[in-house]
Structures are given as C-alpha cells and as structure tokens.
Amino acid sequence: MAEDRHERMTESETMTEPTRDAERVETRPVSLVTWTLATFDTALFVLLGVLAAHASGGLADLLAGLNTLVGVAVFCYLWALFVLAVRWVHGRVSLDSAGVSTLALHGTAAGSVAGVAFLLGLFAVALVPTLQSGGVRLQAVLLVLLIGVGVAAVVGGVVGLLVSLLDIAMYGLAGYLLPEAGHERVTEPPRQ
Amino acid sequence: MAALPIRTLHVLAMAVLVGGTTVLWYSYRSGAIASLAPAKQFEWLFWGGVGVLVFTGVGNLGALGPPGPGTDWGQTLLVKLLIVVALVGGSVVRTLLLVQASDREGTSVDLSPALRRTLSRAYGATAAVLLGIVILAEVLAHG
C-alpha cells in the first residue's frame, strides 16, 4: 500500500505539466468546449427571455410570481439539461469536421429530448404533490401532459436547431480569428 | 431571506471574472505567461461564473421588482442586459479560439507573439466590458 502510494507520488512528481493537464482533462466528465457552449446557450436563452420580458414591460409581473429558490432550481435544471444535450451532440459529431446539416439535426434531436425532459421535470415537481392530494383528476392531467410533451418537443427542437447553428457560427468565427500558426514565432536561427 | 446570499454570490462571481480576466490580460501582455494552460483552467471558472451571474442577476431583479423600460432605471437595465448578451457572445468566441489554439499548439510551451497578442486583447476587452457592467450595476443600485 505504502509502496503503491510512494510509486504514485513519484510518478506525479516526475510528470510534466502538459501531461498532468491532459490527464486532468481526460478525467473530466465534460470537455471545455461542451461546458462553454452549454453555459453560453443556457445564459443566452435566459438573457433573451429576460430582455424580451423587460422590453415588453412584463418582467416585474413575471418575476413577482417566482420564488427565488425555485428560480435558482429551475435555472440549474435547465443548465444541466443543456450540458447533457451538448455533451450528447459532441459525443456523436465533431464541431470541426461534421457538416452543418449533421450538427443541426443532432442539435434538433437533443433539443427535443431536453424540452420534453424540462417539461416532465417541472411536472414532477409541480403536479405530482397535487395529484397525490387528489386535487386534480388524473385523466385531465394526462391529456394536458400529452399535449404538453408534443409542444415541448417542437419548441425544444426549434431551440436546439437555432442554438446548434449559433454554436457552429461561433466556432467558425473563433477559427477565423485565430492567428496563423508559425508566423512571428521567436526561435533560434539555424546553426550553420 | 434568500436575497442577501444571492446578491453576495452575484458580487463574488463578478469579482472572480473581473480579477481573472484582468490578470490574464496583463500576464499575456507582459509575457509573464507563455502557455495556454492557465487560460484554459480559468475558462472553466469563467463559464461557471457566467452561469452564477445570470441566475443570481435574475434573482436580484425579482427581489427589486424592476420598473418598466420607459423609466430611466428601466432604460439603464435594458442597456446592461444588451451589454451582458454581447459579453457572453464575445466570450464564447474567445474561449473557442483558445481551445482551437490549444488543439493546434499541442503541448508546445512556446506561444507565437501573434497568439499572445490576440489573447491579451481578448482578455483585455472582456475585462473592460465587465468593468462597464460593474459601473452600470452601480448606477442601478445607487442611482
């Protein structure tokens, strides 16, 4: 046991910085690109919603009916769904080699599933206690849920499509702005 | 009850973002950092901070009960929200640029001056926009 620990310590001491970084990256459940794009998509989704509500003058009424802790929980749930959706897409198609249509199709599918999962999550939290107390009829809830799932799948799909197109555009823009490799690199002149 | 922790978290997240981007701007500008690893580590924190800033920001708005866009306060909030959207859009390009540069450079520790200049400008611009948002937040909080 102690030898193992010593061996591991010696290994980590001799490991170079880039090797350690690479190992750390491999052990992470999501890549930096997934984390970045998922958070970007979530933040943009919420910000555009807030912006639209504020511009129409209905933000105060909207937020007045929302408990702070419930709002935080809903945001974190939405964030987690975006991370899972983006991770699923990036696990199947690569941003730099796949075509736009392939990425958009995967984005739409992931968005649909995420939309349904979002609705079901809200349903589970909001309606199950009411159902248990017998305040609502089960048949009526199932009918509403069925229609809701269809609407959530379509809305989620449209959001997923728009978001994946935006992500592709941002990735392309970043590649365009990246300076050319090899120019101006300070290296020693070759020895004669 | 939850307003004070939410506000504290909001301020702390902003402090991390302003501090981190300013340090990276200065470090790439002066040449104190010659690799992409510190920036890549910071980007994880940056996007976590952005998420925290957004939900605590909406939480703060809920606690304040914002007036409509016709008032001075509402106009300032509108400008702040638009700048935040621009910051998030600009930051995603910066992070993806960093990731693509890292994929290209591999484990090389010798950054090209052009890439160092680009990163310095990107972090400098982010820090400047963040400071602009802080000033607008001050105006919203204290008039």
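Trainee: In chain B, what share of the contacts with a separation of 6 or more comes from residues 24 or more positions apart?

Mentor: Keep in mind from the start that this is a predicted model. Chain B follows the pattern α-α-α-α along its sequence, with 4 helices and 0 strands. Among the contacts of chain B with a separation of 6 or more, the share that comes from residues 24 or more positions apart is 86%.

Trainee: What share of the contacts in chain A between residues at least 6 apart in sequence joins residues at least 24 apart?

Mentor: Chain A has 8 helices and 0 strands, and read along the sequence it gives the pattern α-α-α-α-α-α-α-α. Of the contacts in chain A between residues at least 6 apart in sequence, the share joining residues at least 24 apart is 82%.

Trainee: How much of chain B is made up of buried residues?

Mentor: The C-alpha atoms of chain B fill a box of roughly 50 × 30 × 20 Å, taken along the principal axes. In chain A, buried residues make up 24% of the 192 residues. In chain B, which has 143 residues, the buried part is 38%.

Trainee: Which element of chain A has the highest mean pLDDT?

Mentor: Chain A averages a pLDDT of 82, and 81% of its residues score at least 70. Among the elements of chain A, helix H1 (residues 2–14) has the lowest mean pLDDT, at 43, while the highest, at 95, belongs to helix H3 (residues 32–55) of chain A.

Trainee: Which helix gives the most residues to the side of chain A that touches chain B?

Mentor: The two chains meet through 43 residues of chain A and 43 residues of chain B. On the side of chain A that touches chain B, the elements giving two or more residues are helices H2 (17–27), H3, H4 (59–64), H5 (68–92) and H8 (138–177) of chain A. The residues on this side divide into 30 nonpolar, 9 polar and 4 charged. The helix that gives the most, with 15 residues, is H3(A).

Trainee: Which residues have the most contacts inside the largest nonpolar core?

Mentor: This core has 61 residues, and H3(B) gives the most to it, with 12 residues. Leaving aside neighbours within four places in sequence, Leu96(B) is in contact with Val33(A), Thr36(A), Met170(A), Tyr171(A) and Ala174(A). The residues with the most contacts inside the core are Phe82(A) and Leu96(B).

Trainee: How far apart are the end C-alpha atoms of H5(A), and why does that agree with its 25 residues?

Mentor: The buried residues of H5(A) include Phe75(A), Trp79(A) and Phe82(A), and its buried residues pack against H3, helix H6 (100–126) and H8 of chain A together with helix H1 (3–30) and helix H2 (37–64) of chain B. At 1.5 Å a residue, the 25 residues of H5(A) should span 36 Å, so the value found in the model agrees, the end C-alpha atoms being apart by 37 Å.

Trainee: Which residue just after H3(B) takes a positive phi?

Mentor: Helix H3 (residues 72–105) of chain B has 34 residues and reaches 49 Å from its first C-alpha to its last, close to the 50 Å expected. Within chain B, UniProt, in an unreviewed entry, places the feature "transmembrane region" at residues 9–28, 44–65, 77–102 and 122–141, and the span 77–102 is 100% helix in the model. Just after H3(B), a positive phi of about 65° is taken by Gly106(B).

Trainee: Is Ile33(B) buried or partly exposed, and why?

Mentor: Ile33(B) lies in the loop between H1 and H2 of chain B, and apart from its neighbours within four places in sequence it is in contact with Ser27(B), Tyr28(B) and Pro38(B). The C-alpha atom of Ile33(B) is separated by 10 Å from that of Ser120(B), 87 residues apart along the chain. A buried residue needs 20 or more other C-beta atoms within 10 Å, and because Ile33(B) has 19, it counts as partly exposed.

Note on methods:
Residues numbered from 1 in each chain as written. Chains lettered and ligands numbered in written order. Predicted model: local features only at pLDDT ≥ 70, side-chain atom pairs only at ≥ 80, totals over all residues. UniProt positions renumbered as here; feature names shortened; annotations may be inferred. pLDDT = per-residue confidence, 0-100. Contact = placed C-beta atoms within 7 Å. Nonpolar A, V, L, I, M, F, W, Y, C, P; charged D, E, K, R; others polar. Expected span 1.5 Å × (residues − 1). Buried ≥ 20, exposed ≤ 12 C-beta atoms within 10 Å, placed from the backbone. Core = buried A, V, L, I, M, F, W, Y, C linked by C-beta atoms within 7 Å.
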